[in-house]
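Hello,

Here is the structure you asked for.

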Amino acid sequence: DAKTTQPTSMDCAEGRAANLPCNHSTISGNEYVYWYRQIHSQGPQYIIHGLKNNETNEMASLIITEDRKSSTLILPHATLRDTAVYYCIVRFSTNFGNEKLTFGTGTRLTIIP
Amino acid sequence: GAVVSQHPSWVICKSGTSVKIECRSLDFQATTMFWYRQFPKQSLMLMATSNEGSKATYEQGVEKDKFLINHASLTLSTLTVTSAHPEDSSFYICSARDRRTIGNTIYFGEGSWLTVV
């Protein structure tokens, strides 16, 4: 799986949009970009994933650059409950093989009241 | 999203005993499940990949005889920590692949805290 690079930590004011960047310059054509977050002492929570196009769901938006070498996760109106470690992961997705998720160190996002 | 449940949420056991952790996919069938371990202030480390009906695939450095994995059905995988020692105390997390989704999304359980005394 391609490696990703994320800032170690970020702060965001409550109610503002939180924009979390991720670089994945070695991503291959059939690797997806996944975002998870982990709130202290809990299992990771799936947020969103995408291949080429921008994606949006009830939790967040994912913006992927045209060359797919970087992406940004956007939490539109951050709340205190969004304080967590956010992981950007790229992986293959096939119906064969194990397509495991390899976690890096992630970005520790702190929402400031 | 799909639901993955682990049991127990936390367990304390005596050194030298074995402890079993269960991982269930509640609303989907999972041919593949993954087991992770996480020490305080560290990221998740993959221990093994569990495949239904076949032997698990262990990551380098993980002792397969110490961490027994069984994936006997499409909704249940178990991790047994045998002859547990205090250094095995950790947060153990399972995940399961949902093949119904585009991209075969992987969902995680709540995690299980193991303390060996």
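What follows is a short account of aromatic rings and one surface patch.

This is a predicted model, in which local features need pLDDT of at least 70 and side-chain atom pairs count only at pLDDT 80 or more. Residues are numbered from 1 along each chain as its sequence is written, and chains are lettered from A in the order in which they are written.

Rings of Phe, Tyr and Trp (its six-membered ring) pair if their centres lie within 6.5 Å; planes under 30 degrees apart are stacked, over 60 edge-to-face, and the rest tilted. That rule gives 12 aromatic pairs over all chains. A:Y32 and A:Y34 are a tilted pair, because their planes meet at 50° with the ring centres 6.2 Å apart. A:Y34 has a relative accessible area of 0% and is buried (buried is under 20%, exposed over 50%, partly exposed in between, with a 1.4 Å probe and protein chains only). A:Y32, at 14%, is buried too.

A:Y36 and A:F103 are also tilted, at 6.3 Å between centres and 55° between planes. Both A:Y36 and A:F103 are buried. One aromatic cluster includes A:Y32, A:Y34, A:Y36 and A:F103 from chain A, and B:Y36, B:Y107 and B:F108 from chain B.

In chain B, the charged end of B:K66 sits over the ring of B:F67, 6.0 Å from its centre (the rule: NZ of Lys or CZ of Arg within 6 Å of the ring centre and within 35 degrees of the ring normal). B:W10 is exposed, at 61% relative accessibility.

Regards

Note on methods
Side-chain values use heavy atoms; hydrogens and water are left out.
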